[in-house]
Amino acid sequence: MYVKKLNLLVLLILGIVAAQFIFPVSAGASCKQENESLGTVIIATVEGDSHTYGKDSIATALEEEGFEVIDLGDGVSAESFAASAKENKADFVFSFASMSTTMIRQIQIEEQLKAAGIRDKVITGVGGSLITQTWADRIGADIYVSGPEDAVSRAKSALLKSNNSLPKTRNSANESAICKSLNV
Amino acid sequence: MKGKRILVLTAVFVLLILISTSASATTLYVKEGGGTGEYGNLQEAINAAADGDVILVREGRYSENVFVNKSLDIIAKDPCINNTVITALDPEYPVFHVTSDSVNISGFTLKGANLTYGIYLDGVSENKISNNSFSGNWRSIVLKDSHENSLENNCLSNSDNGIWLESSGHNIIKDNKADFNRHYGFYLNASENNTLQNNCAFKGAIGIYMENSSCCRVLDSETSNNFYGIYLTGSRESLLENNTANANEMYGIYLGNSNGSTLKGNIANTNHWGINLDSSFNTLQNNTMSGNSRNFGAYTYHYTGEMNNTIDTSNTVDGKSIYYLVEVSNKTLDSDSNAGVVYCINCENITLKDLVLQNNSFGVYLYNTQNSLLEENNISNCEHGVYLGNCSLTTLRNNDVNLSEGDAFILSNCRNCLAEKNNASNNMAGIWLCDASRDNLLKENTVTLNSWCCIDLGDASCKNTLERNTLSGAYEGIYLYGASEENTLNNNTITASSYGLFTEGCGNNTISGNCISGNDVGISLNLNWTDGTNSDYNTIYNNYLNNSKNSEDFGINTWNISKTEGGNIVGGPYLGGNFWASPEGDGFSESASDENGDMIADLPYNVTETNYDYLPLVFEKPVEKTENEYGKK
């Protein structure tokens with residue numbers, strides 16, 4: 001009887017060990033993975049522009065897909081985009097412009113990110129009613145987003161491309177201050 | 001005598017100083033790898049040099065970040081700039097960082113500063129940067145707090161930016177070529193009194209950009225195949241003369257908040273917008289705009305600032321003259337005027353007749369202009385056809401406005417204007433009354449095939465009358481929004497739209513005598529979802545409704561008046577409610593009983609659970625009519 005119980009115990013332990021091999025993720029680890037952000041997104045409408053509909057719907061979609069979204073609102077200066085991206089160690093900077101006179105601010109965001117020394121640390125996305133893939137290519141933005149689903153899929157694939165799918169492993173935006181010596 | 005001797009001695013002393021100074025200027029040589037009497041790199045030579053020396057750099061490939069803190073001539077000896085190449089050793093530092101006045105740098109190819117600058121003039125003056133070639137830099141030449149420098153005949157390509165000025169004035173930027181730069185060819189911020197002459201900028205995002213940089217001159221330059229050609233914002237009293245801005249995807253030349261600027265002899269062809277002003281007190285002469293989607297534009301709708309420009313008819317759009325009238329009275333422009341676009345600011349009694357206006361931001365733009373008439377004009381392919389801002393007692397009659405990207409007619413804050421018998425087709429919207437336009441009459445207009453709505457009233461546009469208009473083929477036949485109240489919609493015909501009439505937070509309107517048929521929804525009275533205002537207290541009666549769905553009512557509205565003698569919309573003897581038909585022929589009014597034969601149904605019609613038409617109209621029964629006439633069914 002004692003031997004039988006012992007055998008059962010051994011079998012139980014062996015079962016647990018086998019289960020660990022077959023299902024290596026523990027409950028705690030699994031929970032942690034679920035909560036981990038896919039990446040931090042700074043999102044806003046550019047300075048001089050108050051059209052928020054496109055930005056809002058994309059912010060919601062990204063949030064639902066597991067990105068941490070920091071929505072700066074509308075009428076946001078290029079300097080604020082860059083400062084917030086740096087402060088929050090952002091992975092993405094998404095800007096939206098819907099006017100022919102405000103889309104040029106997206107160039108300034110690219111410039112400000114470079115001036116802050118973090119252009120190569122973030123993935124930039126541009127959207128808005130007049131924005132096209134050609135515009136994105138011309139100004140050097142990484143992603144052109146046409147809508148919420150598009151934004152999510154492009155953000156995910158850009159992330160995969162840029163950091164081999166490991167969330168939060170890229171260098172922080174603060175680690176490099178490229179232009180500090182020039183004060184640009 | 002003594003004075004003369006002192007003078008001679010002083011002159012001799014000065015001469016001696018000059019001779020000794022010139023004698024001390026030496027030439028230092030730099031050669032790749034060094035050599036006898038030659039330095040192996042530029043920095044060593046600069047360190048060894050004194051103010052006024054010349055450094056001649058022999059052909060070769062150098063990798064350096066050079067710091068120049070002395071007044072020197074640094075010249076590539078080989079006349080071919082491709083043969084003397086300096087690449088940034090550390091891309092985080094400029095190839096040349098100049099902190100001294102009177103430095104000449106000439107004849108080099110400078111590249112690889114992709115995180116900074118090719119040449120950085122840092123708080124200096126009287127430097128000359130000439131005959132160099134730049135590529136692969138973040139910014140090729142940067143001036144900060146630097147004045148009275150000269151940048152000439154440089155070739156700036158394949159970088160993020162060409163020439164970049166911040167807080168730098170009185171510089172001459174001449175004969176430079178910037179192409180394939182990702183962002184700006186020439187960028188000026190807070191930099192006043194600079195002269196840009198005979199430069200060109202191709203295939204960048206913006207050719208020449210000036211922000212808060214007043215009193216600059218851009219002359220004889222070409223900016224083509226960019227997204228934006230020449231873009232000024234906050235740059236007052238600028239002069240743009242004899243420039244060419246062609247084939248840019250957005251604006252050829254744009255002036256935003258750059259008052260008091262002068263544009264003379266510029267050419268802007270085949271851009272999306274040729275020349276566009278969002279500024280005042282500007283002077284335009286002899287500018288040519290041709291083949292642009294929108295040749296000329298000034299201001300947007302809702303604009304209320306100063307519009308006092310001097311723009312004469314020497315300015316042309318597709319070969320026709322721009323008429324920009326300010327404070328003019330009693331003038332007629334007809335087909336003899338060769339007008340291509342017309343602006344009337346603060347005018348009185350203007351007649352525009354028989355004009356053909358195409359391809360501009362607005363065909364006709366009237367602001368604060370009264371007692372005027374637009375008649376039998378043909379306007380097409382504009383952003384908006386006719387704009388009336390803050391106008392009164394003005395008539396729009398028998399005009400054709402087609403193919404506008406936006407609205408055919410906009411009346412913003414207008415009073416007592418009449419729009420009648422106009423045709424508007426294939427626009428985004430037909431007639432838009434906005435910004436508290438009141439007491440206007442829109443009648444007998446035909447508005448068809450608009451992608452959005454035929455007529456819309458918004459922003460507290462009240463007490464207007466819409467009657468006998470024929471509206472078809474849009475998302476909404478008539479759209480009321482933004483507390484537009486006490487309007488009368490009478491005897492209009494609305495067909496083939498998603499909504500015949502759609503209201504959003506608008507009450508106290510009277511809707512009667514309209515034939516609304518063939519729409520998905522006939523009349524839809526809705527809440528304004530943003531501020532919660534409902535569409536209440538509208539009175540809807542004597543309309544003929546034959547739609548997939550005749551009504552939606554989310555407010556408290558009245559769908560009939562009390563039974564009143566008078567011919568109704570279906571020929572009955574009394575006014576009361578509405579006629580409720582259906583495309584299948586079995587609508588309420590088509591099947592309701594009418595025992596007393598007054599052609600009003602015996603029972604009310606449930607518009608919604610809480611709103612009723614208590615006096616729905618009915619036809620004279622066709623079955624009874626057949627039996628009466630022929631005695632059999």
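Biologist: Why is B:Asp179 called buried?

Modeller: Its relative accessible area is 12%. Buried means under 20%, exposed over 50%, and partly exposed in between (1.4 Å probe, protein chains only), so B:Asp179 counts as buried.

Biologist: Before we go on, what kind of model is this, and how is it numbered?

Modeller: Residues are numbered from 1 along each chain as its sequence is written, while chains are lettered from A and ligands numbered from 1 in the order in which they are written. This is a predicted model, where local features need pLDDT of at least 70, side-chain atom pairs count only at pLDDT 80 or more, and totals for chains, interfaces and linings use all residues; side-chain values use heavy atoms, with hydrogens and water left out.

Biologist: Back to that aspartate, then. What makes the pair B:Lys177 and B:Asp179 a salt bridge?

Modeller: The N to O distance between the two side chains is 3.9 Å. The rule asks for a side-chain nitrogen of Lys or Arg within 4 Å of a carboxyl oxygen of Asp or Glu, so B:Lys177 and B:Asp179 qualify. Side chains of opposite charge can pair when their charged atoms come close.

Biologist: And is B:Lys177 buried, partly exposed or exposed?

Modeller: B:Lys177 has 36% relative accessibility, so the label is partly exposed.

Biologist: What makes A:Asp142 and A:Arg119 a link between distant parts of chain A?

Modeller: The closest N and O atoms of this salt bridge are 3.0 Å apart. A:Asp142 sits in the loop between helix 6 and strand 5 (143-144), and A:Arg119 in the loop between helix 5 and strand 4 (123-127), 23 residues apart. Helices here are DSSP runs (H or I, at least four residues), as are strands (E, at least two), numbered from the N terminus. A:Asp142, at 43%, is partly exposed, whereas A:Arg119, at 15%, is buried.

Biologist: Which salt bridge involves B:Glu211, and why does it join two chains?

Modeller: B:Glu211 pairs with A:Arg105, with the closest N and O atoms 3.8 Å apart. B:Glu211 lies in strand 23 (residues 206-211) of chain B and A:Arg105 in helix 5 of chain A, so the pair joins two chains. Both B:Glu211 and A:Arg105 are buried.

Biologist: How many residues take part in the contact, and how much area is buried?

Modeller: Contact means heavy atoms within 4.5 Å; 23 residues from chain A and 33 residues from chain B take part. The two chains bury about 2,300 Å² between them, 60% of it on carbon and sulfur atoms. Buried area is the accessible area (1.4 Å probe) that two parts lose on being put together, summed over both.

Biologist: Now to B:Ser224. What makes its link to B:Glu222 a polar contact?

Modeller: Their side chains are joined at 3.2 Å. A polar contact is a pair of N or O atoms within 3.5 Å; within protein, one must be able to donate a hydrogen and the other to accept it, and residues adjacent in sequence count only if both atoms are side-chain atoms. B:Ser224 is found in strand 25 (residues 222-224) of chain B and, at 3% relative accessible area, is buried. Leaving aside neighbours within four places in sequence, B:Ser224 is in contact with residues including B:Phe202, B:Lys203 and B:Asn246.

Biologist: Last one: how are the two chains built?

Modeller: Chain A has 7 helices and 5 strands, and 45% of its 184 residues count as buried. Chain B has 4 helices and 71 strands, with 55% of its 633 residues buried.
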